[in-house]
Amino acid sequence: MDSVFISAGCTGKPKVSTAFGDKMAYGSRSNVVIADEEKVLSVIYMDNDVNAIEYGYGMIAVGDINGGGYIVRDGEIRRCNLEGCVEAVGLMNELWAMFCTIDTVSVYDIAGNTIKKETRIEWVPTCLTTICSRTFAGSRKGSIFVLDEIEDDIKWHEVEGHKDSIQDIKSTLIDGEAYVATSSQDETIKIWRVTDEWPWIKHIQTLNGHTDWVYGVFWTGKGDLLSSSADKSIIYWERRSKWEDVMRLGGQEIFFNVLMVKSLIIGQSRSGGFYKFTDTLESFISGHLDGVKSIDWRGEFLLTSSLDMTSRMFYKGYEVGRPQKHGYGLTSARFLNDDSLRFVSSAQETILRIYEPTQVFYMSCIYVETRRKDVVESLREMNISRNGRSLDDFFPDINSLKFAAVCAELSLTNEVLEDLEFESLNEELLSVTTFNEIRKVYGHYFDVSDVAVSKDFAVSCNKSSLKKFSGIFVWNREFELIDYIEVHDYGIERLVFSRDGRYLAAASKDKTVSVYDVGKSIRFSRRLEGHRRIVWDCSFSHDSRYLATCSRDRSVLVYEAPEFRVKYVSKFDCEATSLCFSPREYLLAIGLESGDVLIAKLGGAEIKIKRRSKEHSKRVNVISFNEDGSGYATGGGDGMVKMFLV
């Protein structure tokens, strides 16, 4: 299956992004994402979370947190196993790569797919670069270590470098001479010339300008230098008789790295997004930093929540808002009405919170429609949504909305602003602005695990290992608690209303699914005991004829109403973790623990699998069809959100 949109945030640490030609590669949890100056192009699935990445000789070297070393070339992945987290990676030449853990250096034979040499060290490597057949390593103690030989053993000699840990090291050729730049926690950058005599490297200049740790450096094709820092700035150092500070760029978050893609300066922010600096800041790649827990649709708006403590709103292929930036991991976010973008969210706390958009958010959506017509038109041509609703349908009275909202420093309630300068949709705007929080709803015993909304009711549940606290909280649409229904023995994982509002289903850790009749009140109907392990998710078909459930027991069961007897059973090779029925036919999207997504059709005496493809490197946490069934989105434990056409 080909996705039409991918959102994948960059892991919030240094050394996980690199540029090559007109493209860039970055680590997004357990994925390596390839992008150009506009959008994500492809995703390479790793086994564990990426900790270091470098490009060279037409290959990408990757190290993960559990000792995996990878070489990616022309779509082929080669892996070696090391002991401990991989701290630094580098390509020495077309034949060899180097992987460093906290106490070991390994030279990897790429063609032979074997470790050629391995040695223990007493210093901690942090970064690597190779130029003119010389390999240089930055260290946590601040010294530069120069590789002497690898024939009999891997031997290094130490050169005094910085007063604190070296965060990055990069090399380049300028007018036929080789140079190395190092950045450090001592707030400086040092430039070195590579020589033909021992110790093979000579310090020629120290660059002072940053006021906090300097995380990344990048050489331009002209021999100029870019640096990124925890002081939330990027400095452009121009090469004249010496390197001089000629331009500074700033943001709202720490810059872990700086790159150039074509002629654009790209800053890797701690927020998981990238700043794209042109004449003005422009919107670019962004996404969640942790597992996605919920997805909801209204028209062409896609609302997601994540354990990274944010909710995000996407519109026509762009992230247009970060409505909620929280102090706890979010567990769900659901739209409240068909004709507005108000939503209710739950988190790893006992409170529900209700939000409404602002005028600045509306301006962001208008910006996408007017400035990004090429993307918008392409999505329209692909019929990504056929519901016909326009942007203004969701904003009938724009003047009634607050102008802007931002995170308040000393309060858990967002602060409303009467004025905020809007130039363009970009990572800085997304990092600063939120939705207006209009209400908090109290009453839960423990952390809220899910919430669902119908025309007349809202329901929620909290985490629990006791029956007394494992019930369903029933609220009217004013969010007044009107009932508490105690059925399950352990906590509920998912709450789902049928599309016509006739039924409510709850999937529980106690291996059962409960079904409720919905009328003027919500009444318990029956308990389904077909699974043998935790039930993760459930979904009603478009006409409420079927209820599908998925479980840790590696099965999907489809029950037929009104008796809710098992009609279909499908077994898989791993846990079935999420599912969703199409709103217009008996089409079922299923997500697995392996990260695979399946499209199945109900018919005859069985569930027929039409397609299966790997779409995430971790489990698929949630799948949701849009309102007209023309597309669906998936959210994974890897933090990625993907959108597909049916």
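Student: In which strand is the place of Asp148?
Tutor: The model is predicted: local features need pLDDT of at least 70, side-chain atom pairs count only at pLDDT 80 or more, and totals for chains, interfaces and linings use all residues. Residues are numbered from 1 along each chain as its sequence is written, and side-chain values use heavy atoms, leaving out hydrogens and water. Strands are DSSP runs of at least two residues, numbered from the N terminus. The run of residues 144-149 holds Asp148 and is strand E16.

Student: Why does Asp148 count as partly exposed?
Tutor: Buried means under 20% relative accessible area, exposed over 50%, and partly exposed in between (1.4 Å probe, protein chains only). Asp148 counts as partly exposed because its relative accessibility is 33%.

Student: Where is the place of Arg532?
Tutor: Arg532 counts as exposed, since its relative accessibility is 54%. Its place is the loop between strand E48 (522-528) and strand E49 (535-540).

Student: Are the residues on both faces of strand E2 buried or exposed?
Tutor: In a regular strand the side chains alternate between the two faces of the sheet. In E2 (residues 17-20), Ser17 and Ala19 lie on one side and Thr18 and Phe20 on the other. Both faces are covered, and these four residues are all buried.

Student: Which residue in strand E3 stands opposite Thr18?
Tutor: Two strands pair if DSSP finds at least two bridges between them. E2 and E3 (residues 23-28) pair in the antiparallel sense over four bridges. Within E3, the residue opposite Thr18 is Ala25.

Student: What phi does Gly21 have?
Tutor: E2 and E3 form a hairpin with two residues between them. Gly21 is in the turn, and its phi is positive, at about 60°.
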